[in-house]
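Please keep the sequence and the model in view while reading.

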Amino acid sequence: MLKPFIAAALLFSTGWCVAAGPALTASRYAEQLGVGMDVDWARTERGIREFDPLVVRDFRAKGFTHVRIRVAGEPTEARLIHLRKLVEACEQYGVIPVIAYQADDYKSDPQADNEKAVVNWWIAVAHYFAKSSPLLGFDLIYEPADKLNHNLASLNRVYEKTIKAIHSIDAQRMIFVAPRLRATPEDLASLKLPAHSQNYVLAEWHIFPWGPLRSNGKYPWTSGSATEKAAIRSRINAALNWQQKTGHVSWVGGWGVGESSHLSPTASQMAFATFMACELQKAKIPYAINADFQFYDGEEGAWRPGPEPLLQVMIAPVCEKPDEKPGHHAIKSSARDAAHAMPAAASTAKSVAPSASSAGQG
């Protein structure tokens, strides 16, 4: 635990003004995450090349309070230096960074050597950021899927070893773990988390990483019928029930409405986005939006105009209150008044069109 004076000085110097309150716990951390976005600033060649610290300023001004930084590849010196650049920019502008490791080799072949490689990857990253950047989160495995869907024992074993290794290096680091089947909430109960880990381990899950996609010839969202809404609420309730049973909190690592980067959103997309954002906010579950390239032009350094109305709805929807008559709305701002918000959480879908195997998991 950092001494109070040192912690206060560190947080003040980074722009993360949370030192005056109680010690950081997973629950308080989740409250600060708010609304975020999945970003490719450290994953694709273009994302790495186009990143500028001022992009983080733009995200914060838009109302985002965290980013989920997707990372692939080995923890080379160059990659770690780039990650530090991103984390420091987030510190400067009051945005919480969450590093999410893709672990592609492990997901496709969860054998002993690849298990060890995941643990070693995080050991390197934990050492590099040890005792610094107190609000930096570690999302251990981005979208557990592929052969991991059939090897729960391996997944839980990697989580146990990695959590133990990270906290032997940096005892206060916040860590996210995700269930199988591309982080489906119904599989949260299969996670075996360390005893008494509620204060430093959070769950990551998501639904609709790329929006409502056709599955078995049907769409899960058309007109927003009562049945369609009930099905979505049921999935969110699966996560809420798990939280209540275990005492852990969770975060939706990313959701979207489908392709929207160059087109004006459809009425169906706007309705779906409003419903999803309102339901997650009502459940007090922080979430990230998937993904940055759809809404922000990194080359131009500006927000794309086409999906702007959609983005606003996803960040700060106008939600009906249960006791209000239809048509009478009250604005519920997820950004918590962006100008004064505490620093605040983006999906598991890839930055390419989703594969057929993942479409059904949205």
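The model is predicted. On the α11 side, the contact is formed by Gln-269, Met-270, Ala-273, Thr-274, Ala-277 and Gln-281; α13 contributes Pro-309, Leu-310, Val-313, Met-314 and Ile-315. Sorted by class, these residues are 8 nonpolar and 3 polar, with no charged residues.

Helix α11 also packs against α10, here at an angle of about 35 degrees and with the axes 11 Å apart. This crossing, too, is right-handed. From α10 the contact involves Lys-229, Ile-232, Arg-233 and Ile-236, and from α11 it involves Phe-272, Phe-275, Met-276, Glu-279, Leu-280 and Lys-282. The contact of α10 with α11 has 6 nonpolar and 4 charged residues, and no polar ones.

One of the α10 residues in this contact is Arg-233; the helix itself covers residues 226-246. Apart from neighbours within four places in sequence, Arg-233 is in contact with Phe-275, Glu-279 and Lys-282. Its relative accessible area is 33%, so Arg-233 counts as partly exposed, between the limits of 20% and 50%. The C-alpha atom of Arg-233 is separated by 9.8 Å from that of Ala-283, which is 50 residues away along the chain.

Turn next to the interior. In soluble globular proteins, nonpolar side chains tend to be buried together. The largest nonpolar core here has 78 residues, and the members that touch the most others are Phe-59, Ile-99, Trp-122, Leu-140, Trp-255 and Ile-289.

Some backbone details remain. The peptide bond from Asn-290 to Ala-291 is cis, with omega near 5 degrees. Ala-291 sits in the loop between β8 (287-289) and α12 (292-295). Lys-131 is not a glycine, yet has a positive phi of about 60 degrees; Lys-131 belongs to the loop that links α7 (112-128) and β4 (137-139). His-196, another residue other than glycine, has a positive phi near 60 degrees and is found in the loop between α9 (180-183) and β6 (201-205). With a relative accessible area of 71%, His-196 is exposed.

Terms used: Residues are numbered from 1 along each chain as its sequence is written. This is a predicted model: local features need pLDDT of at least 70, side-chain atom pairs count only at pLDDT 80 or more; totals for chains, interfaces and linings use all residues. Side-chain values use heavy atoms; hydrogens and water are left out. A nonpolar core is a set of buried Ala, Val, Leu, Ile, Met, Phe, Trp, Tyr and Cys residues joined through side-chain atoms within 4.5 Å. Buried means under 20% relative accessible area, exposed over 50%, partly exposed in between (1.4 Å probe, protein chains only). Contact means heavy atoms within 4.5 Å. Helices (H or I, at least four residues) and strands (E, at least two) are DSSP runs, numbered from the N terminus. Ala, Val, Leu, Ile, Met, Phe, Trp, Tyr, Cys and Pro count as nonpolar, Asp, Glu, Lys and Arg as charged, and the others, Gly among them, as polar. Axes are lines fitted to C-alpha atoms, for helices over the stretch in contact, and angles run from 0 to 180 degrees between N-to-C directions. A crossing is left-handed if the near helix is turned anticlockwise from the far one by less than a right angle, and right-handed if clockwise.
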